Amino acid sequence: MKTEDVKQAAEILRKSKRIAVLTGAGISSESGVPTFRGRDGLWRQFRAEDLATPEAFSRDPKLVWEWYDWRRGLIGNVEPNPGHRILAKWETLFPEFVLITQNIDGLHAKAGSKNILELHGNIWKLRCTKEETIMENHVSPLGDIPPRCPSCGETLRPHVVWFGESLDPDILHRAFAFSSLCEVMLVIGTSASVQPAASLPSYASDAGAKIIEVNPDPTPLTSLANISLQGKAGEILPLIDQFMSL
Ligand code: BV8
């Protein structure tokens, strides 16, 4: 990663008013949360089809809940890292700043970000499979597995978007709408392998936004990026921040 590129990224941000950010599992990896497809990939121990699908849940809700309970236990014991914190700081510096995340770990909010679009839901929210009511739940480890709805007794599910499920149409609309308005989109810590989230950067670029990617590895988006900063978010974002305040 060249210092010149970091300076250029800071310059582009400094001149902009409308900033979109798209984050993936990579921004949480320095907090100790495994990514999905990386070397320590979460999926390595489990196959996505076995667990993060509605079919898996109806087939074996207990197994799916044991996986989420394990993840809640892991996520519940970690803190946001400098990458999360810089984004929370930048949100206060720009007139319009929208953080679009694929992550369900809640670490952006824990770091202080406010204007967040959680495309794939939130691991700390449960939803009644009968009434569709959504409730915050931070009990870890969970007592009953699967947990039951306090009002109707039906099984609760994680309030997350599984493969083959549609995203919340309002959240998705807002994500695409701001992607077409932003002047810059920072794409941080995503392998760009999951749709429709992975289409947001090209949508922003087609609408004239500059794309700045932060990732230790190249991704399918790297060729689209105006600037590709190869490295860890927790190291690169503070560097950009330093140059922005110079
Ligand atoms: C939908 C919640 C309509 C659950 C998740 C064939 C072709 C194209 C699409 C499809 C297809 N078949 C099916 C589909 C659609 C499917 C899809 O995209 N499948 C892919 C796998 C091919 N999508 C869906 O089903 C979506 N719904 O399309 O609705 C529909 C309806 C019916 C039928 C069909 C379609 C729903 C997708 C949501 C799935 N839910 N999560 C849970 O978490 O338990 S997705 C899951 O992947 C997480 O949310 C995760 O965030 C997301 C994306 O992964 P990444 O975040 O990018 O993480 P990854 O590990 O892959 O990469 C990490 C990156 O970080 C790496 O690049 C690494 O280099 C980098 N990194 C590492 N360390 C650092 C770092 N970067 C910076 N700093 C570091 N320190």
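1. Ala 192 counts as buried because its relative accessibility is 14%, where buried means under 20% relative accessible area, exposed means over 50% and partly exposed lies in between, with a 1.4 Å probe and protein chains only. Ala 192 belongs to the loop between strand 7 and helix 10 (200-206), and its phi is near 55°, a positive value in a residue other than glycine. Helices (H or I, at least four residues) and strands (E, at least two) are DSSP runs, numbered from the N terminus.

2. The model is a predicted one, in which local features need pLDDT of at least 70 and side-chain atom pairs count only at pLDDT 80 or more, while totals for chains, interfaces and linings use all residues. Residues are numbered from 1 along each chain as its sequence is written, and side-chain values use heavy atoms, with hydrogens and water left out.

3. The loop that holds Ala 192 also holds Pro 196, and the peptide bond from Gln 195 to Pro 196 is cis, with omega near 0°. Another cis peptide bond, with omega about 0°, joins Ile 145 and Pro 146, and Pro 146 sits in the loop between strand 5 (134-136) and strand 6 (156-160). Glu 132, which is not a glycine, has a positive phi of about 70°, and is placed in the loop between strand 4 (121-128) and strand 5.

4. Contact here means heavy atoms within 4.5 Å, and axes are lines fitted to C-alpha atoms, for helices over the stretch in contact, with angles that run from 0 to 180 degrees between N-to-C directions.

5. Strand 2 is mostly covered, since 5 of its 6 residues are buried. It is joined to strand 1, which runs parallel to it, by 6 bridges, and Arg 18 has Glu 96 in strand 2 as its bridge partner. Strand 2 and strand 3 also run parallel and are joined by 3 bridges; in this pairing Leu 99 stands opposite Ile 116 of strand 3, and Thr 101 stands opposite Glu 118 of strand 3.

6. Ser 113 is placed in the loop between helix 8 (107-110) and strand 3 (116-118), and counts as buried because its relative accessibility is 4%. Not counting residues up to four places away in sequence, Ser 113 touches His 84, Leu 87, Ala 88, Glu 91, Leu 99 and His 108.

7. The largest nonpolar core has 27 residues, and those with the most contacts inside it are Leu 13, Leu 87, Trp 90, Ile 188, Leu 229, Leu 237 and Ile 240. Among the elements that give two or more residues to this core are helix 1 (3-14), helix 7 (82-91), strand 2 (96-101) and helix 11 (233-245); helix 11 gives the most, with 6 residues. A second, separate core has 23 residues, including Leu 167, Ala 175, Phe 176 and Ala 225. A nonpolar core is a set of buried Ala, Val, Leu, Ile, Met, Phe, Trp, Tyr and Cys residues joined through side-chain atoms within 4.5 Å.

8. Helix 7 and helix 11 pack at an angle of about 35°, with their axes 7 Å apart. In this contact, residues of helix 7 including Ile 86, Leu 87 and Trp 90 meet residues of helix 11 including Leu 237, Ile 240 and Met 244, and the residues of the contact divide into 9 nonpolar, 2 polar and 2 charged. In that division Ala, Val, Leu, Ile, Met, Phe, Trp, Tyr, Cys and Pro count as nonpolar, Asp, Glu, Lys and Arg as charged, and the others, Gly among them, as polar.

Notes:
Two strands pair if DSSP finds at least two bridges between them.
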